[in-house]
Amino acid sequence: MNNLKIVRKADFRHLTQKDVADFLGVDRTTYGKYETGDSEPTFDTICKLADFFNVSVEYLMGRSSTSSLSSSFPEPKIAENVVTFPIIGEIAAGYDHIASEDWSGDTIDIPEHALRGRPKSDFFVLTVHGDSMYPDFREGDKVLILKTPTLQRSGEIGVVAYDDDQATLKKIEYTPGEEWMRFVPINPMYPARTIEGADLERCHVLGVPWLLIRNFVKK
């Protein structure tokens with residue numbers, strides 16, 4: 001599994017070995033051996049990992065490289081089954097942005113397999129506004145958000161509502177049992193913000209990023 005650690009480290013979800021191990025249903029030590037090459041996962045597990053990281057099985061196993069070119073390329077796999085989502089509004093990568101659903105009629109098609117068996121009702125799609133989460137999230141990116149009221153760990157990226165009518169996309173830091181939450185940008189040009197006291201009662205998690213869609217074609 002030559003490239004397994006590379007794709008985990010490059011993933012915008014900032015996944016730990018335990019996160020991936022939990023997805024596979026194995027303990028962290030077992031998964032760690034997959035990354036070091038001390039243990040070889042089954043082919044079914046390799047396929048699950050490739051789907052989880054949205055890379056090919058060949059690349060994950062080190063049989064191909066994104067830095068090398070070939071005179072012949074395999075045919076792309078076309079997703080026949082898609083789920084259409086309305087793009088219901090914007091999510092601020094900065095602060096002081098009113099949270100509102102303002103559907104202009106724009107939609108986006110997501111391959112059904114990307115939902116990994118979850119129903120469409122578990123998700124919503126927003127457009128990123130601002131650059132405080134650059135380079136992981138950029139102005140105009142579309143993000144498929146998994147609805148959840150909680151985070152798995154401190155430091156996870158989440159969509160959070162605060163001050164009753166504001167919402168932001170940030171790394172969220174906290175200490176279980178303590179009455180504070182910190183919003184941390186990835187872009188070092190922006191400051192972190194700590195929510196505590198009475199303001200914390202008006203703060204709640206809306207979801208976590210599940211899939212990032214970026215258009216590289218400039219119109």
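# Salt bridges and cysteines

Reader: Let's start with R153: is it buried or exposed?
Author: The relative accessible area of R153 comes to 19%. Buried means under 20%, exposed means over 50%, and partly exposed is in between (1.4 Å probe, protein chains only). So R153 counts as buried.

Reader: And what kind of model is this?
Author: Residues are numbered from 1 along each chain as its sequence is written, and side-chain values use heavy atoms, with hydrogens and water left out. Local features need pLDDT of at least 70 and side-chain atom pairs count only at pLDDT 80 or more, while totals for chains, interfaces and linings use all residues, since this is a predicted model.

Reader: Which residue does R153 meet in a salt bridge?
Author: Side chains of opposite charge can pair when their charged atoms come close. Here, a salt bridge is a side-chain nitrogen of Lys or Arg within 4 Å of a carboxyl oxygen of Asp or Glu. At 3.0 Å from N to O, the partner of R153 is D19.

Reader: How many residues apart are R153 and D19?
Author: R153 sits in the loop between β4 (142–147) and β5 (156–162), whereas D19 is in helix α2. Helices (H or I, at least four residues) and strands (E, at least two) are DSSP runs, numbered from the N terminus. The pair links distant parts of the chain, with a separation of 134 residues.

Reader: What about D19, buried or exposed?
Author: D19 has a relative accessible area of 12%. That makes D19, like R153, buried.

Reader: Where do D22 and K18 lie?
Author: These two form a salt bridge, and their closest N and O atoms are 3.0 Å apart. D22 is partly exposed at 45% relative accessibility, and K18 is partly exposed too, at 48%. They are 4 residues apart, about one turn of the helix, and both lie in helix α2 (residues 17–24).

Reader: Which side chain pairs with D122?
Author: D122 is partly exposed, at 23% relative accessibility. The N to O distance is 3.6 Å, and the partner is R118.

Reader: How many salt bridges does the structure hold?
Author: Among the residues involved are D163, D199 and R202, which are linked in a network. The total for the structure is 8.

Reader: And how many disulfides?
Author: A disulfide is a pair of cysteine sulfur atoms within 2.5 Å. C47 is partly exposed at 28%, while C203 is buried at 12%. The disulfide count is 0.
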